[in-house]
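Here is a short briefing to read with the model open beside you. Take the topics in any order you like.

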Amino acid sequence: MADMYDLNAIRDSFFASQSKKPTGQQEVYVDRDGKVRLGTGGEDDAPLSRVPQSTFAALSAEARLAREYEVVRSKLPANTYYEDAPGAEGWVYEITTMFNRTYVMCAHFNGTEYQVRLIEPELESLPSHDAHGVHLYGSGLICLSERPGSGQPTLQDAYARSAAWALGVDFVQMGHPFPFNHKQ
C-alpha cells in the first residue's frame with residue numbers, strides 16, 4: 001500500500017477515476033488543514049472531505065463559442081446574432097409570445113452559467129414591478145433560477161427559460177400574478 005501522502009499514488013487514483021477503470025485504489029481526501037491524501041473514508045480517517053476525482057476542465061472561449069454557434073443554429077430564433085462589444089458580449093435574440101408581445105434579450109456566459117438580460121421592452125410600468133413579482137432585477141437581469149446568480153447551465157436552457165419568462169410577464173402585464181411559480 002502506498003503512503004497516504006504519496007503524490008504519485010494520489011495522481012494514479014485521479015487518473016483511474018477519470019478513465020472509469022475500477023482499480024480498487026483508495027479514494028482521495030483532504031483533511032481540515034488542507035492536506036490532500038489517500039484514505040478509506042472510515043472512522044479512522046475522520047474528519048476528512050472526499051475529493052471528487054472528475055477531470056479539472058474548462059472550455060476555451062473558442063471551443064465554448066463553437067458549441068454555442070451549434071445551439072444557436074439549431075435551437076434559438078433565426079434572428080439571433082452574437083454581439084461582441086466589450087462589456088456587452090452575448091447572444092441577442094428576439095421572441096414574440098403568443099400574445100404578440102416582442103422581447104429582445106441577450107444571453108451571455110458569465111464564466112459559470114448562462115444569464116439573460118432583457119434589452120427591450122422597458123418594464124418599469126408593470127403592475128407590482130418588483131424583482132420577486134416579475135423575476136427581473138433592476139439591472140435587467142432575468143431571474144432564471146432559484147440559485148444564486150439566476151442563470152442556467154446551458155445556453156439552450158437559458159433561452160428556453162427566458163421564453164417561458166416572457167410568456168409569464170405577458171400575464172403580469174394583463175394584471176395577473178406571474179403564473180409559473182407554485183405558491184408565489
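Helices (H or I, at least four residues) and strands (E, at least two) are DSSP runs, numbered from the N terminus. This is a predicted model, in which local features need pLDDT of at least 70 and side-chain atom pairs count only at pLDDT 80 or more, while totals for chains, interfaces and linings use all residues. Residues are numbered from 1 along each chain as its sequence is written, and side-chain values use heavy atoms, with hydrogens and water left out.

**The chain as a whole**

- Four helices and seven strands make up the secondary structure of the chain.
- Along the sequence, these elements follow the pattern α-β-β-β-α-β-β-β-β-α-α.
- Of the 184 residues, 34% count as buried; buried means under 20% relative accessible area, exposed over 50%, and partly exposed in between (1.4 Å probe, protein chains only).
- Among the contacts (heavy atoms within 4.5 Å) with a separation of 6 or more, 41% are accounted for by residues 24 or more positions apart.
- The chain exposes about 11600 Å², and carbon and sulfur atoms supply 53% of this area; accessible areas come from the Shrake-Rupley method with a 1.4 Å probe, and for residues only the protein chains shown count as cover.

**Nonpolar cores**

- A nonpolar core is a set of buried Ala, Val, Leu, Ile, Met, Phe, Trp, Tyr and Cys residues joined through side-chain atoms within 4.5 Å.
- The largest core has 24 residues, and those with the most contacts inside it are Y93, Y103, M105, V116, L118, I142 and W165.
- At least two residues of this core come from each of β5 (90–96), β6 (102–109), β7 (114–120) and α4 (155–173), with α4 giving the largest share, seven residues.
- A second, separate core of six residues includes A9, F14, L38 and V51.

- Three strands form an open sheet in the order β2-β1-β3, with antiparallel pairing; two strands pair if DSSP finds at least two bridges between them.
- β2 (36–39) and β3 (49–50) stand at the edges with a single partner strand each, so one side of each has no neighbour in the sheet.
- Strand β1 (residues 27–30) runs antiparallel to β2 and is joined to β2 by four bridges; here Y29 stands opposite R37 in β2.
- Helix α1 (residues 7–18) lies across β1 and β2, at about 70° to β2; axes are lines fitted to C-alpha atoms, for helices over the stretch in contact, and angles run from 0 to 180 degrees between N-to-C directions.

**The hairpin of β6 and β7**

- Six bridges pair β6 with β7 in the antiparallel sense, and A107 has V116 in β7 as its bridge partner.
- Four residues lie between the strands of this hairpin, where G111 takes a positive phi near 110°.
- E113 sits in the loop between β6 and β7 and is buried, with a relative accessible area of 8%.
- A polar atom of the E113 side chain lies 3.3 Å from the backbone nitrogen of G151.

**Other loops worth a look**

- T80, in the loop between α2 (61–75) and β4 (81–83), counts as buried at 13% relative accessibility.
- A polar atom of the T80 side chain lies 2.8 Å from the backbone oxygen of P77.
- Not counting residues up to four places away in sequence, T80 touches V72, W91, V92 and Y93.
- The peptide bond from E120 to P121 is cis, with omega near -5°, and P121 lies in the loop between β7 and α3 (131–134).
- N100 lies in the loop between β5 and β6, where this residue is exposed, with a relative accessible area of 64%; the phi of N100 is near 65°, a positive value in a residue other than glycine.
- M98 also has its place in the loop between β5 and β6 and counts as exposed at 70% relative accessibility.
- The C-alpha atoms of M98 and L167 are separated by 7.6 Å, although these residues are 69 residues apart along the chain.

Conventions
A polar contact is a pair of N or O atoms within 3.5 Å; within protein, one must be able to donate a hydrogen and the other to accept it, and residues adjacent in sequence count only if both atoms are side-chain atoms.
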